[in-house]
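Open the model in your viewer and switch to cartoon view. Keep the selection panel at hand.

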Amino acid sequence: MKDIELNEVDQEKQLMTRETQKNGCVKVTVPEDPGVKYTGLSKEELMKMTSTAGWVRTRWALLVLFWLGWFGMLAGAIVIIVQAPRCKPIPEMNWWNEGLLYQISDVNEFSKNGMKGVEEKLDYLTQMKVKGLILGPIHTVDADQLDTLDLVSVKSAVGTENDLKSLLEQAHKKGIPIVLNLTPSYDKASVWLNNVTAVAEKIKDACTHWLEKGFDGIFLPDLRNIKTTKSWQSIQAIFNKTEETKQVALMGSVTSFSADEVSLVLNRSGVDLLLTELSDPPETGELKKLYSSHPQTILGWSLGSPASRTTAAPVRLFQMLLFTLPGTPVFSAGDEVGLKAGEKPQIMWDLENPAEEKNTAAKTLQEERIAVRDFFKTLSDLRGKERSLLHGEYISLHSSATSLAFLRLWDQSSRYLTAMNWGNDPVTMILSNSDLPAQAQVRLTTDAVNLAVDSMVSLEKLQLGPKQAVLLSYPYAG
């Protein structure tokens, strides 16, 4: 017998009595049915059951199936690993290979507050994805007077030693290394003051001085002269790669775009990065020569001054070219908004102030410059994160006097194809390479009407209008 609560039986069939009422509940007594009690199998019965031939065969079959499945999955995993394509090792990169370098030659033109003004613009440089800053010259020298050359002082017109120290500290906090431009004479044609041997000795001492102050590298002008002096080996020795100096760069430039001359300077100077102004229009044959004989990590490209450009191609074509070619892109202050010859970088800061509505011409110019800057920023962002653009292989697809197209690819990363036409007539490019698909996606374009961003275009016959460029991408297909 057992006691149960009222809610376990039909409440309408229960009578409320003094004996059955307790705290508002009804308790009834129900006789137990001994016939429904289940006790299960005993241990002896279970052991007897498991010893039967049927159960033994079943257990063995399940055990064999388990191990066959386990070994099968292991073998499958091994086959997948063995047959999977190997990822190429990432080449050794230095900070000056990771994106654009930004050159501020005239500190006071860049900002009214000298080096303090440069410090105030560090957030702007971060927004532009700048990976390094080439600053100066900031030393004192009188025109054509060697005895006035003081490479270890800061000219008062740009600030003080404390201003420079603060700039270095704040830039390093934001992850922006700074290279000092030690061009000896920057106001006259004679860069070396007609005495390269004497200047080279001063430069050797200045390199040691400024690196101890916290600079991340030194930039020297046309290396064809100084690399032949006795002091050059001593200068090189300062930058020999050790644990202390492996992130310190010796950079230089060369004025000629001849591949043979650039190669000669690279081989004899031993610099970490050689900056060359791209010819206008670009000579693709010379580019291919350089890429075939030198690693792209020691090649740097710049646009030169606006006055030196012979073609009337929009600046966005040159921006796309520098950001997508192998090698480090180096831009001067103002290139990101397309400043023309004679215009001051101060114009860049005026873009933040809306133009007068009534001044239609000024408003249109401002909108155009903001669009150019956005175009520049997008390219800089792609360059910094896409492996094919950072260190990918260069494959020429098309080359003529007024147009070119090339492919950048790296291992299993997305491929990038640059095509541009700086001529005055439309061009149709017949592109051929085993890696090319039938279509590619537009990532960036100067012709939004015919080549809209994110649209798919055929690569069989790629058409570009006059003074137009497009950056395409497509995935790795195995």
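Select strand S8, residues 178–181, together with S9: the two run parallel and are joined by 3 bridges. This is a predicted model, so read each stop as a prediction. Show the side chain of leucine 180. Its bridge partner in S9 is isoleucine 218.

Stay on S9, residues 217–220.

Which residue of S10 is the bridge partner of isoleucine 218? Pick leucine 250.

Next, move to another sheet. Color its strands in the order S14-S15-S16-S21-S18-S19: this is an open sheet of 6 strands with antiparallel pairing. Strand S14 (393–399) and strand S19 (456–458) are the edges, each pairing on one side only. From one strand to the next, the twist averages 30°.

Zoom in on S19 and strand S18, residues 439–445, which pair in the antiparallel sense over 3 bridges. Here alanine 440 stands opposite valine 457 of S19. Then select helix H14, residues 360–385, which packs on the sheet. H14 touches strand S16 (415–421), S18 and strand S21 (468–474), and its direction makes about 125° with that of S18.

Last stop: residues 60–82, listed by UniProt as "transmembrane region" in an unreviewed entry. The span is 100% helix and 0% strand, and its end C-alpha atoms lie 33 Å apart.

Notes:
Residues numbered from 1 in each chain as written. Predicted model: local features only at pLDDT ≥ 70, side-chain atom pairs only at ≥ 80, totals over all residues. Heavy atoms only, no water. UniProt positions renumbered as here; feature names shortened; annotations may be inferred. Helix = DSSP H or I, 4+ residues; strand = E, 2+ residues; numbered from the N terminus. Buried < 20%, exposed > 50% of the residue type's maximum accessible area, 1.4 Å probe, protein only. Pairing = 2+ DSSP bridges. Axes fitted to C-alpha atoms, helices over the stretch in contact; angles between N-to-C directions. Contact = heavy atoms within 4.5 Å.
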